[in-house]
Amino acid sequence: MTEESLEIFRIVAECGSNTEAARILNMSQSSISRALTKLETRYNTKLLNRDSSPFTLTKNGFFLKNRIDRGMSVSQQLARYIEEQKIRKLTIGYAFPVSCKGILDTVLRMKILDSDIRIIFNQYDLVSIQSLMSEGQLDIAVLPDRFFLNDYNIIDSGSECVWGIAAPSGYPLTPHKYVEYDDIIEASVLRPYEGACANTVVEWCRGSHSVHHADSYNSTDTLITLIKSGAGIGFAPMHEQEFLIRHDIRLYVCHPKIITSTYVYMRNDFELSESMQSFLTLYVKHLKQQEDVR
């Protein structure tokens, strides 16, 4: 019965409804419903969100579906699935890395508190992270943009990221402490990949797209490499100032200031253990400390 229930679940997951699955399997809809209920009861977990049309998979549903799609035998599927349920996991997605400085250090501190928690990072661009969130594959997401998704709550981190322009020391950018839009209008400018500060940068440029976009980067290390290779100057967060100075790169604060916030998203049905609560406490505290230093 378990093998049959798994196959029924796979078909329902693929077509998104009991009606279509019943047609494909030549079964009654009531039989389909009973099989799915037994499967969920067996593992004491919800696999499908039936209040949507078509059905969507829960996080545990994704796990099980992935096991099936990888061609494992039924016994392997069950063993792996049960194993995954026993391990507490915290799946974190974050973008954009340079504006979310410190998350790795904070996680390492949390691992010391509870070594049983398995942490999976998804460090991608903003669009990819939002896609993973819409599929319910992330417990927590740390993003530089605020948007609303029904399955997630927003935790106020109280942190802001101030951006500036990074240029090689001695580069004739500006004789002043602050850099103005007019100072970079003729320069080749490097921008963050998928732009953690894209909207505010456009606003800062007075809505103009005339600033020459030389290239995009996804980490401070990449930015440094591009600047040293002569690719151009670039937008960078001010909390990287000391690191950039070590590479003979100066960081000028933009005027008026370019400021982005960091937002922490948590899935609505995410059950916080004491250790996971400790993680959030540590991380939000870290963000606020960064803000106090600035």
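## Close-up views of a predicted protein chain

**Overview of the whole chain.** Residues are numbered from 1 along each chain as its sequence is written, and side-chain values use heavy atoms, with hydrogens and water left out. The chain holds 12 helices and 11 strands, where helices (H or I, at least four residues) and strands (E, at least two) are DSSP runs numbered from the N terminus. Of the contacts (heavy atoms within 4.5 Å) with a separation of 6 or more, 70% are accounted for by residues 24 or more positions apart.

**View 1. Ring pairs link Y181, W204 and F235 into a cluster.** A search of the whole structure finds two aromatic pairs; rings of Phe, Tyr and Trp (its six-membered ring) pair if their centres lie within 6.5 Å, and planes under 30 degrees apart count as stacked, over 60 as edge-to-face and the rest as tilted. The rings of Y181 and W204 have centres 6.3 Å apart and planes at 90°, so this pair is edge-to-face. Because Y181 lies in helix α8 (residues 181–184) and W204 in helix α9 (residues 198–204), the pair ties together parts that are 23 residues apart in sequence. The rings of W204 and F235, with centres 6.1 Å apart and planes at 85°, also form an edge-to-face pair. Here W204 in helix α9 is joined to F235 in strand β10 (residues 233–237), so the pair ties together parts that are 31 residues apart in sequence. W204 counts as buried at 7% relative accessibility, and F235 is buried with a relative accessible area of 0%.

**View 2. Helix α10 (residues 220–228) has buried residues T220, L223, I224, L226 and I227.** Seen down the axis of α10, these residues fall within an arc of 165°, so they line one face of the helix; the arc is that of the directions from the helix axis to the C-beta atoms. An α-helix has 3.6 residues a turn, so residues three or four places apart point the same way. On the other side of α10, T225 and K228 are exposed, and just after the helix G230 takes a positive phi of about 90°.

**View 3. T58 sits in the loop between β2 (56–57) and α4 (59–69).** T58 is buried, with a relative accessible area of 11%, and its side chain reaches the backbone oxygen of K46 at 2.6 Å. Leaving aside residues up to four places away in sequence, T58 touches K46, L47, L48 and N49.

**View 4. The peptide bond from H255 to P256 is cis, with omega near -5°.** P256 lies in strand β11 (residues 249–267). In the loop between α11 (241–245) and β11, D248 has a positive phi of about 60° although it is not a glycine.

**View 5. N26 has a positive phi of about 55° although it is not a glycine.** The residue is placed in the loop between α2 (18–25) and α3 (29–43), and at 70% relative accessibility N26 counts as exposed.

Notes:
This is a predicted model: local features need pLDDT of at least 70, side-chain atom pairs count only at pLDDT 80 or more; totals for chains, interfaces and linings use all residues. Buried means under 20% relative accessible area, exposed over 50%, partly exposed in between (1.4 Å probe, protein chains only). A polar contact is a pair of N or O atoms within 3.5 Å; within protein, one must be able to donate a hydrogen and the other to accept it, and residues adjacent in sequence count only if both atoms are side-chain atoms.
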